[in-house]
Amino acid sequence: MRISNGFKVMILATASGLAAPALAQSTSPNRTASETVTITPGGSRLDAGLELATAYDDNVYVSRNHEQNDVYLLARPSLKLRLGSGDSTLTVRGAGEIARYADLSSEDYDDWSLAGDARAALSKAVSLTAGAEWRWDHESRASPEAVSGIEPTRYQRGFGYLGIVGSSGNVTGRLAGTVTRYAFSDVPASGTMIHNADRDRIQMEIGARGGFALSSGTELFLQGASDWRDYDQKTDDSGYRRSSDGFAIAAGFRRKLDDAWSAELFAGWMWRDYRDPRLPDIDSWDIGAVLDWTGDKGLGGSFRLDRSSEETTLPGASGYIMTSGRLTLRADVGPRLTAGIGLSGAHYDYVGADRSEFVIGGDLWVRQWLSRHIYLGVDYSHAERSSNAAGFDYDQNRFQVSLGVELRPRYTGDAPAVAWGNATPGGAYFGLLASHATLITGVDGPRGPGSNTADFGDMGGGVVAVAGYGILASRLYLGIETEAALAGPDWQHSADRIFSMSKDNAVGLSARIGWVTPNSDLVYARFGVTSTTFTTDYTHGASAYSQSARHTGFSAGFGVEAQAGRRGFVRAEYLVASQGDFDVPTGSGNFDNFSPNETQFRFGGGIRFGRDAAATEDPRPSRFDGPYVGLQIGHGALVTANQGVRSGGTELDVTRASRGGLLGLYGGYGVVIGRTYLGLEAEADISAINWNIDREANGRTYSAEHDYSFGGTARAGVLIGDAALIYARAGAVRTRFDIDYATSGIAVRSLDTRTGVRYGGGIEVGLGSRVHLRLDYTITDYAAYDVEYGRNADHFDHSEALFRVGLSWRL
């Protein structure tokens, strides 16, 4: 469970006039700015709603192996009353979420919240805002602090705030304070009870921000905050005193870049001092960014970047630093139809313990209003975690269909029908794509008196044929696509046991939702169902097993299609796919559980057969020359050829792999000569892409992780159309790899920074004259090295495949 930073919430609340708890809690992604109701002077407004949904979760317990799925029903009632207008307003609201599972009834929950917010103008220059909220909630199974109880952890959260904001001329000031109370319930487990009273605490925070507006329209500001976290119990169940004091300070700027874009960026430092001298203090950099885009015809988007220190129950760790980013695009097609997609990533770096994780996710939603008060919604989300601790990886897919009713009308008057059409990029199409993929398999099974949990995988190429059909409503694209793939990656483990897996072919059916840029380029998300043939071989002693079988799974991805001429298009897309796990016999009545998944980058082109789009507006050429800076969310795989000597002199030869996410910054300079682009670029990232193996009770436990990276590459490409660039890149990077290795009473840690050759390419499209969105894919090969433990050594040869979605600004 992630607890929002109270001061940052309050700064946003006092800056915008919104209620702080509304920013702190999870709200429906279907809600858009266009749904705001105007309050008439001196009036009041009552709003109530009820949403009923049927949902499917393919991995309820967020496990890597032995996944369990279920269908469940959801009910979400809500009530809100707003009184007053203008200088003084009072809002009271309540909401709930009730879930009932078909088979896993222990996961049932009832969540509720009650809140009130008030705002009053003390003068023309000074305003006061205050509020409170109480929540009865449960902890997600995907929380980094979740415990393996029979049922989810219930907790209560109380939150109160008070803020004041004022201005005089070019000077602005804000002062805010918050108080938060947490109370956790105990959780039953197998034959015992998990006690959570040692997590109960009070958090108090006070902060201030001062700004000065320049004549150019830029506001420079300085902000700082102090907080106190006091636990009810002096020590937790492991004997640690977790109460602490913290402080953060940062400087930044806020500016409206043009009519469509606005940005806020700050950087600073944060400290946290713990009562227990055994818990290391947190002393690290801080950063935050907000980038908002309001396009024409109902288009819009945003990017958020945040960093904070969070509480943990992990013995020996004082807390964890979370760095998170989210990119969102949305479209209000008309009064009745809205849609949106989002990409997010979060890095969890534990302080005082060798634990790090990266969670990456994507979601898309569509809402159609059937009448002024009733709507139909469809939601899909994908999430996955990569951890340097064995057994904590997972991937999860959720689908939801909902029917809702709201007292407040969605629109007034008669709503015009949505004008659907098959103008390009709509209509039928056919394409041929080259693919580069990493097949990753989590294997879990018995070994002697214990067990073995390990990651395996390797890279490989293939070819994919796609065909589909799409329709347009203004700039919204909705489509369906079928595909067939030949070949793919394979991996092998060779030691006293010899086993392997290969991908032979695949077919799939996907839905696509996207937005058409002013230059007719298409940015889209996709999700679908796949059927993949895997061949699995396993030889152990006298037992030999071989099977080629189809496995059904889900896929999700993100892509761009750039228009190339009147009918042609160039596509770059990235997919993650996961199939259900299955058991493989290993002899003597034992089984290993195989859980396969795949990352895949595709690049190619095709032909569209839709009618030509009407020329409703002039193209908007985008600049590709000059300097630029950007932020990016990434996902990729670390693949390592691993050799060594095992017990009895057996030679091990295996390729290990797993996937994860990253957050990065980049900047560079480019020139355009005719339609040719040449440029140089620098980049840096933090990541938790890793693989691991854990042999219990007596065996080897080791892992490898891409920690951080920095370097530079040259880019060369060609412009197509008025706002798209296809490019290749090559250069060098320096990456720190963290390898923990333990066996037979010997434990070593290797922190080795290696130089790698990076090459790849991608597509970059303009969202405006200065703002660009790009999809970038690279492969990096590193020099091999040995990690010594006692008198022996293991050999490691790393390579990695990285996909990154970047949002850049031309300076």
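Colleague: What lies over the face of phenylalanine 184?
Modeller: Arginine 199 does, at 4.1 Å from the ring centre. Keep in mind that this is a predicted model.

Colleague: OK. And which residue has its charged end over the ring of tyrosine 524?
Modeller: That is arginine 512, whose charged end sits 4.4 Å from the centre of the ring.

Colleague: Switching to ring pairs. How many aromatic pairs does the count come to?
Modeller: The count comes to 32 aromatic pairs. One of them joins tyrosine 429 and phenylalanine 569 in an edge-to-face arrangement, with 6.2 Å centre to centre and 85 degrees between the planes.

Colleague: Where do tyrosine 429 and phenylalanine 569 lie?
Modeller: Tyrosine 429 is in strand E22 (residues 427–447) and phenylalanine 569 is in strand E29 (residues 568–579), so the pair ties together parts that are 140 residues apart in sequence.

Colleague: Are tyrosine 429 and phenylalanine 569 buried or exposed?
Modeller: Both tyrosine 429 and phenylalanine 569 are buried.

Colleague: Which residues form an aromatic cluster?
Modeller: Phe456, Trp491, Phe499, Tyr538, Phe582 and Phe594 form one.

Colleague: New topic, histidine 138. Which strand is histidine 138 in?
Modeller: Strand E5, which covers residues 126–138.

Colleague: Why does histidine 138 count as buried?
Modeller: Because its relative accessibility is 17%, and buried means under 20%.

Colleague: What does the side chain of histidine 138 make a polar contact with?
Modeller: With the side chain of aspartate 111, at 2.7 Å.

Colleague: And what else does histidine 138 touch?
Modeller: Leaving out residues up to four places away in sequence, histidine 138 touches Tyr109, Pro152, Thr153, Arg154 and Tyr155 as well as Asp111.

Technical notes. Residues numbered from 1 in each chain as written. Predicted model: local features only at pLDDT ≥ 70, side-chain atom pairs only at ≥ 80, totals over all residues. Heavy atoms only, no water. Helix = DSSP H or I, 4+ residues; strand = E, 2+ residues; numbered from the N terminus. Buried < 20%, exposed > 50% of the residue type's maximum accessible area, 1.4 Å probe, protein only. Polar contact = N/O pair within 3.5 Å; in protein donor to acceptor, adjacent residues only side chain to side chain. Contact = heavy atoms within 4.5 Å. Phe/Tyr/Trp six-rings, centres within 6.5 Å; stacked < 30°, edge-to-face > 60°. Lys NZ or Arg CZ within 6 Å of the ring centre and 35° of its normal.
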